[in-house]
Amino acid sequence: MLIDFNSEYNEESPAPDVLESRFSSLLASDRFWAILAGDPAVAFATVAERDSPLYDGRVGYLEDLYVRPKLRGHGIGGGVMRMLLDEAHRRGLGLVEIGVDEPDVDAMRFYESHGFVHRDPDTGDRAFHIYQELA
């Protein structure tokens with residue numbers, strides 16, 4: 001499904017065997033986890049955790065959340081998000097963060113409906129996810 005997700009947004013994806021190897025390695029650690037919905041799976045989310053001096057618990061980065069296009073709008077993504085946040089609480093995470101592309105207003109609306117914010121509640125400052133690819 002990750003290849004389908006990347007294709008939908010015109011992003012390149014590693015080959016299936018490379019992804020399988022990476023997922024196997026990551027899922028064997030206690031710092032990366034996934035949620036699957038359906039049998040066979042029709043949606044997924046992946047979270048990578050890191051330590052932070054700012055929180056008692058780790059910080060989780062929601063790397064991907066994907067629902068097959070024909071099944072969107074039926075509450076599957078919301079169910080995945082509720083399971084993800086329940087698991088984050090169970091694991092004692094102090095924060096869950098995600099990067100959203102500015103034009104993706106549907107994703108922004110979805111995440112906001114689940115309690116995510118992109119403005120500091122005290123100052124109103126907008127939050128940005130900036131990055132630099134090194135490879």
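Strand β1, residues 32–37, and strand β2, residues 43–50, pair in the antiparallel sense over six bridges, where strands are DSSP runs of E with at least two residues, numbered from the N terminus, and two of them pair if DSSP finds at least two bridges between them. This is a predicted model, in which local features need pLDDT of at least 70 and side-chain atom pairs count only at pLDDT 80 or more, while totals for chains, interfaces and linings use all residues. Residues are numbered from 1 along each chain as its sequence is written, and side-chain values use heavy atoms, with hydrogens and water left out.

The two strands form a hairpin with five residues between them, and Gly-38 in the turn has a positive phi of about 95 degrees. Along this pairing, Ala-34 has Thr-46 in β2 as its bridge partner, and Phe-32 stands opposite Ala-48 in β2. Ala-48 in turn stands opposite Tyr-61 in β3, the strand of residues 59–67 that runs antiparallel to β2 and is joined to it by eight bridges. Seven of the eight residues of β2 are buried, that is, under 20% relative accessible area with a 1.4 Å probe and protein chains only, whereas exposed means over 50% and partly exposed lies in between.

The structure also holds six aromatic pairs, meaning rings of Phe, Tyr and Trp (its six-membered ring) with centres within 6.5 Å, called stacked with planes under 30 degrees apart, edge-to-face over 60 and tilted for the rest. The rings of Phe-23 and Phe-32 are tilted, because their centres are 6.1 Å apart and their planes stand at 55 degrees. Phe-32 counts as buried at 5% relative accessibility, while Phe-23, at 25%, counts as partly exposed.

Methods: Helices (H or I, at least four residues) and strands (E, at least two) are DSSP runs, numbered from the N terminus.
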